[in-house]
Amino acid sequence: MKLPRNFFKPLAIGAPAPLRELPVKLERMIHFVPPHIEKLRAKVPELVAQVDVVLGNLEDAIPADAKAAARAGFIAMAKANDFGATGLWTRINCLNSPWVLDDITHSVAEVGDKLDVMMLPKVEGPWDIHYLDQLLAQLEARHGVKKPILIHAILETAEGVDNVAEIATASPRMHGMSLGPADLAASRAMKTTRVGGGHPDYAVLADAKGDGARDRFQQDLWHYTIAKMVDACASAGIKSFYGPFGDFSDAAACEAQFRNAFLLGCAGAWTLHPSQIGIAKKVFSPDPAEVAFAKKIIDAMPDGTGAVMIDGKMQDDATWKQAKVLVDLARLVATKDPAIAGTYGM
């Protein structure tokens with residue numbers, strides 16, 4: 001076991017020191033770009049102003065014969081654009097693939113100082129994080145990268161979910177985790193071909209009425225896993241995210257899934273299609289009425305102690321903490337979106 005005093009030491013001579021706290025950044029949507037398609041790369045400058053994170057995808061959805069082109073396209077995309085406050089991420093191929101080593105080495109060598117986060121798929125345990133952690137430190141030292149590249153793990157296997165707490169604390173590079181529902185469903189032998197969202201056959205029945213009729217209520221397939229991931233990430237001081245929602249034609253179901261994740265504690269979600277950007281922005285920006293009420297609580301209890309009655313409801317130090325979560329997020333959103341800032345009165 002690594003001693004606590006060594007946890008924050010660089011893993012290679014000349015590598016930047018690991019961060020002790022995550023940067024305070026708004027990451028409501030992680031927007032995926034397939035960088036091997038030139039016409040989509042050309043849209044990145046306008047995307048930078050619309051989204052919180054631009055991610056160059058090198059893994060799933062990239063054909064095997066386009067892997068090298070995607071890698072080159074991501075590097076070109078990173079070099080050609082000024083991302084400002086918008087995050088630049090990449091999702092590399094999984095660690096047992098033939099492409100991953102080039103994904104890591106070329107990305108750090110070419111655009112290491114621009115790259116904020118490297119997303120690692122199919123993480124099964126802390127050993128996967130340890131490998132990437134050490135390699136990134138060596139490459140950062142070799143190429144003179146000034147700030148550490150963070151690691152974001154995707155939970156896509158039953159083993160990964162089982163080891164989620166150990167993954168969350170595997171390295172000070174850990175940025176957060178995302179739920180990968182499609183691969184996870186296959187790993188668990190779940191009987192669904194949907195990418196995220198519910199399933200009409202996963203339901204509970206209400207008691208029978210006098211005429212024998214029974215109401216049927218569809219349930220959330222992902223509630224347990226998201227909650228387990230949120231607890232692990234919150235305990236470790238990192239962020240949790242909902243992953244992909246694959247049905248681009250069902251905006252209502254996408255919004256419902258995103259909202260469930262938001263209410264449970266997730267910071268954002270993946271957006272795979274431009275139509276999902278607005279949904280994520282709406283869902284992961286707190287409701288103005290909720291923010292207004294939260295501000296009332298904080299104004300009534302400036303030091304966070306005691307108890308007060310507001311609009312007929314008792315508020316105490318626990319609800320003050322809940323209110324602070326909403327107000328702090330609203331302030332962060334307000335710095336990015338002036339239009340939303342107006343609705344918050346900020």
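Me: How do the residues of the lining of the second largest pocket divide into nonpolar, polar and charged?
Reply: The model is predicted, with local features needing pLDDT of at least 70 and side-chain atom pairs 80 or more, while totals for chains, interfaces and linings use all residues. Residues are numbered from 1 along each chain, and side-chain values use heavy atoms, without hydrogens and water. Here Ala, Val, Leu, Ile, Met, Phe, Trp, Tyr, Cys and Pro count as nonpolar, Asp, Glu, Lys and Arg as charged, and the others, including Gly, as polar. The lining of the second largest pocket divides into 14 nonpolar, 6 polar and 6 charged residues.

Me: Which helix gives the most to the lining of the largest pocket?
Reply: A pocket is an open set of points on a 1 Å grid over the protein atoms alone, where a 1.4 Å probe fits, with protein on both sides within 12 Å along at least five of seven lines, and lining residues have an atom within 4 Å of a point. Helices are DSSP runs of H or I with at least four residues, numbered from the N terminus. The largest pocket is lined by 36 residues, and the one that gives the most, with 7 residues, is helix 13.

Me: Which residues is Ile104 in contact with, leaving aside its neighbours within four places in sequence?
Reply: Contact means heavy atoms within 4.5 Å. With those neighbours left aside, the contacts of Ile104 are Ile92, Met118, Leu132, Leu135, Leu136 and Leu139.

Me: What is the volume of the second largest pocket?
Reply: A volume is the space filled by probe spheres set on the points, which are joined across faces, edges and corners. For the second largest pocket, the volume is about 540 Å³.

Conventions. Helix = DSSP H or I, 4+ residues; strand = E, 2+ residues; numbered from the N terminus.
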